[in-house]
Amino acid sequence: MSLSFDLSGRTAIVTGANTGIGQGIAVALAKAGASVLGVGRSSMAETEAMIAQGRGRFASYSADLGSIEPVNQIVEAALDEFGSVDILVNNAGIIRRADAIDFTEEDWDAVMDINLKTAFFLSQAVAKRMILNGKGKIINIASMLSFQGGIRIPSYTASKSGLAGLTRLLACEWASKGINVNAIAPGYFVTNNTTALREDQKRSTEILGRIPAGRWGVPEELGGAAVFLASDAAAYVHGIVLPVDGGWLAR
Ligand code: NAP
């Protein structure tokens, strides 16, 4: 049994690593020793610079995750760049806001495609490699909306509730193959995803008033949970959805 949090020699694929939560997690995994392949459609230069400062290894792969077309190439890119695929963080995601009564099919499909469908098929592509190796770690970025209903975000709630269920299903199928599938459920974090919410005075005050920690989280604060779930220390942890939420769910 190992209690190590060291990720030296491991390769992590992190989707949406250019900003926000994905960037915070990519930097944390690199600090713990992992080589990181950041995958997304925007420049990863800022993340690359942050990781280089800490002497970590980083490479980027350009892909639009709104479809599952690039999933096999992403795995190949990680193998070409670093020689293995040990950790996958399904972080890239979007949100669309409108009353359920007016919600469009476009807003439903766009959110479900990236938040749930791509997360599943990228996990499948990566797991084929991990099963050959007899080990691997998959971490899905869930949400408070994996547990709660919310308002005005029907496809987001459906996708994140679905992702929690998918985390449990994949854990049940792949735990015996040496793969740990788990999720992190961030509470309310300061990122592009929550700009509209933070700018809405009424909603922002309501949310802040309900967070026991009394403040929004910042992406670096998800690093510890990600490193733990990616490490040998979490070898017997399967199928959990770990809240990192300033106490939101305890309320
Ligand atoms: P963010 O700053 O908006 O980041 C979203 C990430 O997803 C960005 O890297 C974005 O890339 C990427 N992405 C979106 N559409 C993409 C596409 N079609 N192809 C490739 N990449 C795409 O928001 P965030 O808060 O860090 O969100 C990261 C994850 O955390 C999401 O799954 C979100 O649901 C989840 N989350 C966030 C919070 C929170 O409070 N912020 C709470 C719970 C869960 P671009 O920059 O190119 O758009």
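The axes of helix H3 (residues 71-82) and helix H4 (residues 105-133) come within 8 Å and cross at roughly 40°. Here an axis is a line fitted to C-alpha atoms, for helices over the stretch in contact, and angles run from 0 to 180 degrees between N-to-C directions. Helices are DSSP runs (H or I, at least four residues), numbered from the N terminus.

This is a predicted model, where local features need pLDDT of at least 70, side-chain atom pairs count only at pLDDT 80 or more, and totals for chains, interfaces and linings use all residues. Residues are numbered from 1 along each chain as its sequence is written, and side-chain values use heavy atoms, with hydrogens and water left out.

### Exercise 1

Describe how H3 and H4 are placed and which residues make their contact.

*Step 1.* Recall the classes: under 35 degrees is roughly parallel, over 145 roughly antiparallel, 65 to 115 roughly perpendicular, and the rest oblique. H3 and H4 are therefore oblique to each other.

*Step 2.* Now the contact (heavy atoms within 4.5 Å): H3 brings Val71, Asn72, Ile74, Val75 and Leu79, while H4 brings Phe121, Leu122, Ala125, Val126 and Arg129.

*Step 3.* Sort these residues: 8 are nonpolar, 1 is polar and 1 is charged. Ala, Val, Leu, Ile, Met, Phe, Trp, Tyr, Cys and Pro count as nonpolar, Asp, Glu, Lys and Arg as charged, and the others, Gly among them, as polar.

### Exercise 2

Find the cavities of 30 Å³ or more and describe their linings.

*Step 1.* On a 1 Å grid over the protein atoms alone, a cavity is a set of points where a 1.4 Å probe fits but cannot get out, and lining residues have an atom within 4 Å of a point. Grid points are joined across faces, edges and corners, and a volume is the space filled by probe spheres set on the points. The structure holds 2 such cavities of 30 Å³ or more.

*Step 2.* The largest cavity has a volume of about 80 Å³. Its lining has 13 residues, with Thr15, Asn90, Ala92, Ile114 and Ala119 nearest its centre. H4 gives the most to this lining, with 5 residues.

*Step 3.* The second largest cavity has a volume of about 40 Å³. Val27, Ala30, Lys31, Met50, Ile51, Gly54 and Gly56 line the second largest cavity, and H1 supplies the largest share, 3 residues. By class, this lining has 4 nonpolar, 2 polar and 1 charged residues.

Technical notes. Helices (H or I, at least four residues) and strands (E, at least two) are DSSP runs, numbered from the N terminus. On a 1 Å grid over the protein atoms alone, a cavity is a set of points where a 1.4 Å probe fits but cannot get out, and a pocket is an open set with protein on both sides within 12 Å along at least five of seven lines; lining residues have an atom within 4 Å of a point.
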